[in-house]
Every structure is written in C-alpha cells, then in structure tokens.
Amino acid sequence: MSGVQDLNTPMLALQGVHKRFGGLHAVNDVSFQVAAGSIKAVIGPNGAGKTTLFNLIAGNLPVSAGTIVFQGQEIQGKKTHQVARLGMARTFQNIKLFHGMTALECVMVGRHVQSRSGFFAGMFNLPSTWKEERAIRARSLELLELMQIADLAGVEATSLAFGQQRAVEMARALASEPKLLLLDEPAAGLNIYETAEVARLICAIRDMGVTVLLVEHDMSLVMDISDEIVVLSFGSKLAEDTPANIQKDAEVIKIYLGEDDAG
Amino acid sequence: MLTRKNYSLAGLCLATVGLHLLTVLADAPFYLTQLTMAAYYGLVIIGLGVLMGYAGQISIGHAGFFAIGGYVSAALTTRNLAPFEASWPVRLLDGLGLLVPGQDVYGAHLLTVSPWAACGCAVTAAAVIALIIGVPVLKLKGHYLAMATLGFGTIIYRILLASPYFGEADGISETPGFTLLPALGSWGPLVISGDVEHRVANFYLAWGVLIVGAWLLLNLIGSRVGRALRSLHSSEEAAEASGVDTARFKLQVFILSAVYAAVAGALLTHFNGGIGPSEASVMKSVRYVALVAVGGMTNLWGALIMGVGLTFLSLRGVFGAFDDAVFGLILIFVMLFAPDGILSLRLKPLLRRMFLGGPS
Amino acid sequence: MSLDLFFQYLFAGITYGAIYAVVAIGFNIIYNATGIINFAQGEFVMLGGMISISLLPFMPLWCAIAAATALTMLIGAAIEMLFIRWLQSPSVLRLIIITIGISILLRESALHIWGESIRSLPYFYGNEITTFSVGSVHISPQVVWVIAASGVMMGGLSLFFKSTPIGREMRACAANRTAALLCGINARNMVTLSFMLSAGIGALAGCVMSPITYTQYDSGTSLAIKGFTVAILGGLGNSMAAVAAGILLGIIEAFSVSVVPLAFQDAISIAILLIILFVKPHGLFGSSEAARLKDF
C-alpha cells in the first residue's frame with residue numbers, strides 16, 4: 001500500500017479547517033500537510049486549540065468547515081472508528097486505559113482493526129477464532145516488549161506507574177499497525193530521562209514507517225525530533241517551518257515563547 | 001482462563017445434579033418447580049449482566065423483553081386463528097405446517113400456532129423490537145438511558161394491560177405445553193410444562209438452557225468482541241480510537257440480552273402454563289437490575305449464583321409480603337456498601353478476623 | 001369537537017400540566033444541586049397525599065396539608081442524609097440504582113401502611129359536582145386550587161432562589177460547588193436542603209391534586225416518568241421552561257384521550273418522552289452545545 005503510494009501525496013492534509021463552539025472560534029482556518037514518513041509537531045500556548053485540532057483529525061469532533069484528507073481520502077464527517085480503521089491511531093493527553101483490563105488486554109484491544117472474529121464466532125468459540133486470538137496475543141506481547149514493559153503484561157493497566165501507562169497506550173496505538181500516529185503530549189508528566197526515552201521511541205516508530213503527528217509542550221523534545229513544526233495561537237496557524245527556523249521566528253518567540261516566559 | 005471457565009461450567013453441571021439429589025434426599029420434589037423457574041430467571045439476569053457489567057449500559061426495561069417473549073408465545077399458542085383461516089398469513093403458516101388444530105371444551109374447532117413456531121416468533125419479535133428501540137436508546141447515557149429504558153418497559157406494561165388480545169389484567173392462561181422432543185422408544189416425550197410427570201425433565205432442561213447460555217456468554221466475554229465491549233465500558237473514546245464500532249457493539253449486546261430475556265420468558269410461560277402483566281412491570285425490571293448488582297456487575301458467575309439463589313428464595317415465598325421491599329433494600333445496600341457485588345466483599349479475611357482474632 | 005369540549009380538555013390539560021411542572025421542578029432542584037436524577041421524586045408526591053389523608057381526621061384540612069408537607073420534607077432530608085450524603089464521588093449508575101431503591105422502599109412502606117386502597121382528600125371547596133361556569137364551560141373549583149397552588153409554589157421558589165441568602169447559596173453550589181465551598185458555603189447542607197425543598201413541593205402538589213387524581217401507594221411511578229418527561233422537554237435544570245413544557249404535555253395528554261383509549265394514556269406520554277430523548281435530549285429550549293458539556 002504505502003509502497004505504491006506517490007511520495008508526493010501527503011499522509012495528511014488539512015485545508016481551511018474551522019471549529020466553532022458557540023461563540024468560541026477554537027480552530028480558525030488551519031491548513032497544513034504532514035509528509036509521509038515524517039515527524040510533525042503542533043505547538044502553541046495553552047488554549048491554542050491543539051487538542052481540539054487532534055479531536056477534529058481523529059473524528060471525535062465534527063469540523064465546522066474545511067477538509068481533512070488522509071491518504072488521499074476525505075475523512076471529515078467520518079466516525080472515529082472508521083478513521084481508525086483507515087490506519088490512524090492516537091494516544092490521549094489524559095491517559096485513557098481500560099479499567100479492569102490487564103496491560104496485555106489493553107494492547108489486544110488495539111489489535112481490533114487487524115482482526116475480524118465477530119459476535120457469533122466469539123460466542124460459540126469457533127476454532128477459527130483460536131488462531132487469530134493467538135496471533136493477537138503474540139503481536140501484543142511483541143509491542144509490550146518494544147516498550148520494555150513485557151514483564152508487566154499481566155498487571156492491571158490502570159494500576160501501573162504513570163510512565164508505564166503511557167507506554168501501554170503507545171503500544172495500544174501501535175497495535176493497530178497505523179500509517180499515521182497522533183500523539184497528544186507524549187512527554188507530559190515524564191521526567192527528563194523518560195522524555196529522552198520517548199524521543200528515542202518516537203524516532204524508532206518513524207523508522208518503522210509510521211508517520212507521526214504530535215502535540216507537545218516540551219520544547220527540547222519537539223525541537224530534537226520534529227522534521228517540521230506548526231505553531232498555533234488562539235486557534236489560528238501562526239507559522240509552519242523547520243525547527244531551526246521556528247526558533248528564529250520573531251513572532252513565534254514573541255507570542256508563544258514570550259508568553260510562556262511571562263507565565 | 002479457558003480451563004478455569006470449563007471447570008466452572010462443569011461445576012455448575014455437577015451443582016445441577018446435586019440440587020436434584022438434594023430434593024430427592026429431602027423428599028421435597030416440589031422444590032424442583034421453583035428451581036426450574038429460578039433457572040429461567042437466571043437466564044434473564046446473566047443476559048442483562050453482560051449488558052450492564054461488561055458493555056456498561058443500564059436497562060430498566062428488561063422485564064419488557066421477557067414479557068414480549070412470554071406474551072407473544074402464549075398468545076400465538078392459545079389464541080384461536082380459526083376465524084381467520086381464510087386470510088393469507090394464516091394460510092401461509094398452515095402451508096408451512098406450523099399450525100396445530102384442536103378442540104376447545106365445547107368441541108369447537110380451534111387453530112393455534114405450534115409452540116416451536118410461536119417461540120421462534122416471540123424471540124424474533126423481541127430481537128426486532130430491541131433493534132428498533134436500541135438504535136436511538138443506546139445513544140443516550142447515564143440518567144437518560146435509565147429513564148428511556150424505564151419508559152420502554154412501562155410502555156410494554158401499559159400496552160399489555162390495555163390490550164384485550166393479551167388478556168388485559170388477567171394475562172394469558174392455559175398455554176399449552178411445549179413438546180420439544182416426541183416420545184422415543186422407552187423415553188417419554190420431552191415437554192415443557194408444569195405437569196408433575198415432566199418435573200424432573202423440565203428441571204434439567206431449564207438448567208441445561210442456563211448452562212448453555214452461561215457458556216455462550218463466557219465465550220463472548222473472553223473473545224475479541226468481549227474485549228471490545230469491556231473497553232467501551234471503560235472509555236468509549238479510547239475504544240473508538242482503537243477502531244471499535246461502539247454503537248454497533250452496544251446494539252448487538254443489547255439485542256443479545258433481549259433475546260436471552262425473551263427465550264426465558266417464552267420457555268417459562270410454557271412451563272407455568274400462562275403469563276400475567278406483572279411479569280412486565282417496572283418492579284420486575286428493577287429486580288433484574290438488583291440481582292445483577294448483587295452478584296457484581298462484572299461478575300457473570302456472581303450474577304448467576306445470586307440471581308438464581310435469591311429468585312428461588314423469593315419464589316418459595318421466604319420474603320413474604322416484603323418481597324419487593326427486600327429487593328429494594330438489597331439494591332440500596334449493595335450499591336452503598338458493595339458496588340462490585342456481594343461476592344466481592346472479602347469474606348475470607350473478614351471471617352478469619354471474626355473467628356481467629358487479630359489482623360488477617 | 002365542540003368548543004365546550006375543547007375548553008374542558010384544555011382545562012384538564014392545564015391542571016395535570018401544572019402538576020407535572022411541579023414534579024419536574026422537583027427533579028430540577030435536586031439535579032441542579034447534585035447532578036442526580038432522583039427516581040424517587042414521584043414517591044414524594046404520593047407521600048404528601050397519603051400523609052395528609054391520614055392526618056385529616058385529627059386536624060383541619062390546611063393543618064393536615066402543612067403537616068404532611070413538613071413530614072415529607074423531613075423524610076426527604078432523612079433520605080439524603082442516610083443514603084446520599086456520605087458517598088464519595090459515586091458513579092452515575094450507582095446513584096441511579098440507589099434512588100430507584102429508595103423509591104421502591106417508599107412505595108413498599110406506603111403499601112404496608114396504607115394498603116392498596118385508593119384514597120383521596122376531600123375537595124377543598126364544595127364537592128365533586130360543585131362547578132362554576134365560565135361561559136358555557138364548567139370548571140371544578142379544585143382545578144383552580146391546583147393551578148393557583150402550582151403558581152404560588154413556582155413564584156415562591158423563584159423568589160426564594162433569587163432573593164434569599166440561602167437560595168443564592170444554593171444557586172452558587174449548583175453553578176460551581178468548589179468555588180461555593182471556598183466562599184464558606186456548606187455545600188452538603190445545601191444538598192440536604194435541595195432534597196427537602198424538592199420533597200416539600202412534591203408533597204404539596206400531592207395534596208392539592210389528591211381530590212382530583214386520587215392517591216394510591218404506587219401512583220408515584222407514572223408521575224415521576226411524566227415529571228421527568230417535562231423536565232427533559234424543558235431542558236434539564238431549567239425550571240421556567242418546565243412550566244411551559246408541563247402544560248404542553250398535560251394538554252397533549254388530555255386531547256389524546258379523544259383519540260386513543262384512556263388505558264393507553266400513560267403509554268402515549270411515555271412515548272413522547274422517548275421521542276424527545278431521541279430527537280432533542282437537551283430539551284425544546286436548550287442548546288445542544290451546552291448539553292454536550294454536561295456530564296451525564
């Protein structure tokens with residue numbers, strides 16, 4: 001699939017995207033593209049509309065206007081699970097793991113789009129499901145190993161340490177074998193070593209052929225790993241450039257970093 | 001997990017035989033009647049348990065589905081179709097061999113639907129109604145979902161109470177027995193009915209249905225679909241992001257639980273020989289919710305054991321005139337003190353402390 | 001339909017509608033203070049009627065009504081203190097089930113105290129056949145009592161919430177519990193108070209409607225469902241809209257009698273509830289954006 005795809009077609013393209021909540025214009029005419037195989041970051045002060053933008057892309061919220069094209073297909077108006085099925089996975093800013101399920105089971109849910117056993121096959125425990133179930137389990141364990149938490153596979157996910165929960169969530173997202181991975185503040189709440197580990201991991205994921213779009217507050221992380229950065233302020237796109245140029249952009253420094261210093 | 005599930009099911013089979021032996025030893029075969037009924041109610045409760053505990057959707061209208069199953073089956077097997085013999089639906093049924101001719105006490109010609117077809121219709125009707133109701137209802141959450149399902153149950157109750165076809169306040173009686181298997185050699189026929197001669201067979205049949213029902217649900221919970229259901233209970237947003245079509249799975253499990261209720265309703269009606277509108281009342285629906293809650297929302301075995309046990313006690317009249325009040329109290333106390341179910345209370349350490357003293 | 005009949009139905013509709021509105025406001029008071037839908041709301045109405053009927057032989061009518069209202073308020077407060085107050089961040093499902101349990105307990109207690117018989121208070125003025133005429137339309141004086149009492153309750157409540165310190169504190173708790181706590185308001189007592197208020201207006205409504213609709217131990221459930229329908233129709237938490245919605249439902253119900261048999265009347269109003277929930281769950285007057293933000 002991705003081999004056939006023209007390298008010039010972007011993985012994701014936003015065109016004139018708007019989102020209004022009553023009187024609040026949370027996302028205002030945002031357009032940008034994410035090249036296949038790249039790491040792109042969205043930054044901006046609190047309340048700039050970053051998470052709203054993610055929710056629009058992932059189909060959690062309907063856009064008020066504009067188009068979102070994923071792998072050449074318009075996805076605005078599609079439901080979240082349909083978007084997920086097309087090959088987009090995400091993590092959440094406030095981690096959303098499943099209560100009462102082990103880390104392994106959480107990741108196995110991530111394999112949902114890669115498996116097919118239905119309601120009746122499950123109820124009657126048909127032999128056809130056995131092989132698939134084994135495959136789901138094996139791949140999920142592999143991903144937990146990639147995250148270096150395979151030894152915690154049997155532990156209830158919500159009782160894990162914060163960083164480990166992040167890792168489980170990342171494994172769950174990867175389990176769907178996505179083309180595009182949305183990471184909502186992957187380093188929030190992590191210490192400096194864990195953040196470095198996350199940076200290494202994101203690069204490894206990119207090298208696996210997964211395009212990454214992330215929202216992040218940690219500037220060092222963003223500047224280190226991103227190929228390109230989009231800056232949002234009050235819902236509008238302020239700048240879009242390489243990390244080196246963004247760091248020099250006077251307006252970005254004034255509105256984003258300056259405000260950050262003041263705050 | 002797989003083996004544990006099978007051991008538990010085998011244990012349930014043994015318990016069934018054990019219960020039978022107990023009634024024989026105690027020389028109290030009449031207990032079998034209530035045990036049979038309790039098993040059918042248990043089927044409703046485990047179906048509702050999967051909906052509430054695993055998919056996280058409350059339904060205070062499940063007595064409605066139970067009543068649809070019971071009433072449709074009862075009406076089709078008792079209401080005389082002879083006056084409509086010329087109409088095409090009746091002729092179609094006749095052509096398919098699904099009608100049973102008979103005679104009433106005055107010797108008049110009677111034409112009714114065979115129990116097999118009637119039960120099929122009843123369960124299909126419940127499934128279709130669950131589908132129609134489920135699509136809009138399951139979009140609701142929390143209080144709204146509770147009130148909508150309560151409203152659904154009340155509508156069914158009112159309709160049954162107001163329709164002459166369904167016998168109004170009297171319900172439908174004299175429902176014929178349901179011959180599952182004809183007589184084979186030395187074996188008598190397998191008939192679902194309350195007759196004393198069929199008592200033991202019916203006991204095993206009901207518990208067999210319950211065990212098979214539990215087996216299917218346990219399989220489901222452990223499967224890919226079951227994982228998806230559990231995930232949407234905890235976080236619909238994250239489940240959707242993982243590609244789980246939450247609306248569809250909620251609907252499927254809603255229909256499944258409605259089918260469980262309808263099957264139980266239809267079979268129990270043939271066993272009892274009739275059904276009354278109280279089976280559709282809000283109090284019944286609340287009782288099912290209470291029994292699921294007592295057993296533990298995410299504990300199918302708990303729901304099954306507490307459901308069958310308490311229903312049996314209730315049917316034996318242990319709670320007397322306070323029957324409904326007891327279930328109300330149970331509901332409150334379980335939700336106040338043991339929201340994960342009575343069986344989740346750590347009894348072992350508690351007992352140890354009580355009998356041996358000191359910390360556990 | 002003749003014009004006379006039309007007005008007859010209209011007045012019946014407004015009478016019932018006023019009662020539904022009062023029950024809906026009872027839902028709203030507790031919902032605003034706690035976010036709970038109190039499934040036992042209808043039982044407060046039933047208790048008001050039953051207690052006043054039992055007290056009537058010992059005291060004048062107005063005393064019996066006042067005492068019944070006060071007693072029901074005490075019961076409301078007791079329920080909150082026993083079952084709700086000490087729960088720590090309970091889930092919605094738990095609260096639903098607890099209030100359902102409470103409604104069953106109240107109903108069953110009523111069954112054991114008063115039995116299954118249908119009772120009623122006497123007409124406050126005249127009797128069943130006393131009517132006064134407006135043009136060619138005959139209206140029972142009790143209808144006027146019901147409408148007047150409902151109006152007084154609604155006016156009184158709105159005055160209470162707007163201009164008394166306690167009313168303002170309750171509104172503060174409803175708007176932002178944490179901020180209210182920081183301002184030194186005892187939010188827990190406000191929740192108890194909301195249960196008392198809600199029980200009180202329910203009981204009063206139960207008294208004035210008793211001569212017309214009669215009171216039975218299980219008359220609460222259908223009232224609760226209809227009151228909830230009205231609360232949703234007006235937008236949960238919005239009491240003024242509930243009045244309009246209540247009268248609307250009452251009138252629809254009254255006129256439906258001319259089309260379908262009486263036995264299906266409840267089914268009709270519940271079907272309306274389902275349709276509203278499916279089509280406009282945030283109410284006729286509410287906004288969908290605001291409804292999304294509420295945590296159901």
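**Sheet, helices and chain contacts in a predicted model**

In β10(A), K237(A) is the bridge partner of L232(A). β9(A) and β10(A) run antiparallel and are joined by 5 bridges. The hairpin they make has 2 residues between the strands, and F234(A) there takes a positive phi near 50°. As for burial, β9(A) is mostly covered, with 5 of its 6 residues buried.

On to the next neighbour. β9(A) also pairs with β3(A), this time in the parallel sense, over 4 bridges. Here I229(A) of β9(A) is the bridge partner of A41(A). β3(A), residues 39-43, pairs as well with β8(A), residues 211-215, again with 4 bridges and in the parallel sense. In that pairing V215(A) of β8(A) sits opposite V42(A).

Put together, the sheet of chain A is open and has 6 strands, in the order β6-β7-β8-β3-β9-β10, with mixed pairing. β6(A) and β10(A), the latter spanning 236-241, are the edge strands; each has a single partner, so one side of each is left without a neighbour in the sheet. On average, and ignoring direction, neighbouring strands are turned by 20° against each other.

Two helices of chain A go with this sheet. Helix α1(A), residues 50-58, packs on it and touches β3, β6, β7 (180-184), β8 and β9 (228-233) of chain A. The direction of α1(A) makes about 150° with that of β7(A). Helix α7(A), residues 192-207, lies across β3, β7 and β8 of chain A and runs at about 150° to β8(A).

How far can chain A be trusted? Its average pLDDT is 87, and 94% of the residues score at least 70. The stretch to watch is residues 1-5 of chain A, where the pLDDT is below 50; beyond near neighbours in sequence, this stretch has 4 contacts in the model. Where pLDDT is low, the predicted coordinates should not be read in detail.

Chain A also meets chain B: 31 residues of chain A are in contact with 24 residues of chain B. On the chain A side, α2 (80-85), β6 (88-90), α3 (103-110) and α4 (119-123) each supply at least two residues. By class, that side of chain A has 12 nonpolar, 14 polar and 5 charged residues.

Chain B in turn touches chain C, in a contact that takes 33 residues from chain B and 30 residues from chain C. α6 (142-162), α11 (282-295) and α13 (323-337) of chain B each supply at least two residues of the chain B side. Of these, α6(B) gives the most, with 15 residues. The chain B side divides into 25 nonpolar, 5 polar and 3 charged residues.

Within chain C, one helix pair is worth a look. The axes of α5(C), residues 141-163, and α8(C), residues 187-213, come within 9 Å and cross at roughly 170°. That crossing makes α5(C) roughly antiparallel to α8(C). From α5(C), the contact uses Q142(C), W145(C), V146(C), A149(C) and M153(C). From α8(C), it uses I201(C), L204(C), V208(C), M209(C), P211(C) and I212(C). By class, the contact of α5(C) with α8(C) comes to 10 nonpolar residues, 1 polar residue and no charged ones.

Key:
Residues are numbered from 1 along each chain as its sequence is written. Chains are lettered from A and ligands numbered from 1 in the order in which they are written. This is a predicted model: local features need pLDDT of at least 70, side-chain atom pairs count only at pLDDT 80 or more; totals for chains, interfaces and linings use all residues. Two residues are in contact if their C-beta atoms, placed from the backbone, lie within 7 Å. Ala, Val, Leu, Ile, Met, Phe, Trp, Tyr, Cys and Pro count as nonpolar, Asp, Glu, Lys and Arg as charged, and the others, Gly among them, as polar. Two strands pair if DSSP finds at least two bridges between them. Axes are lines fitted to C-alpha atoms, for helices over the stretch in contact, and angles run from 0 to 180 degrees between N-to-C directions. Angles under 35 degrees count as roughly parallel, over 145 as roughly antiparallel, 65 to 115 as roughly perpendicular and the rest as oblique. pLDDT is the predictor's confidence in each residue, from 0 to 100. A residue is buried if 20 or more other C-beta atoms lie within 10 Å of its own, exposed if 12 or fewer, and partly exposed in between; C-beta atoms are placed from the backbone.
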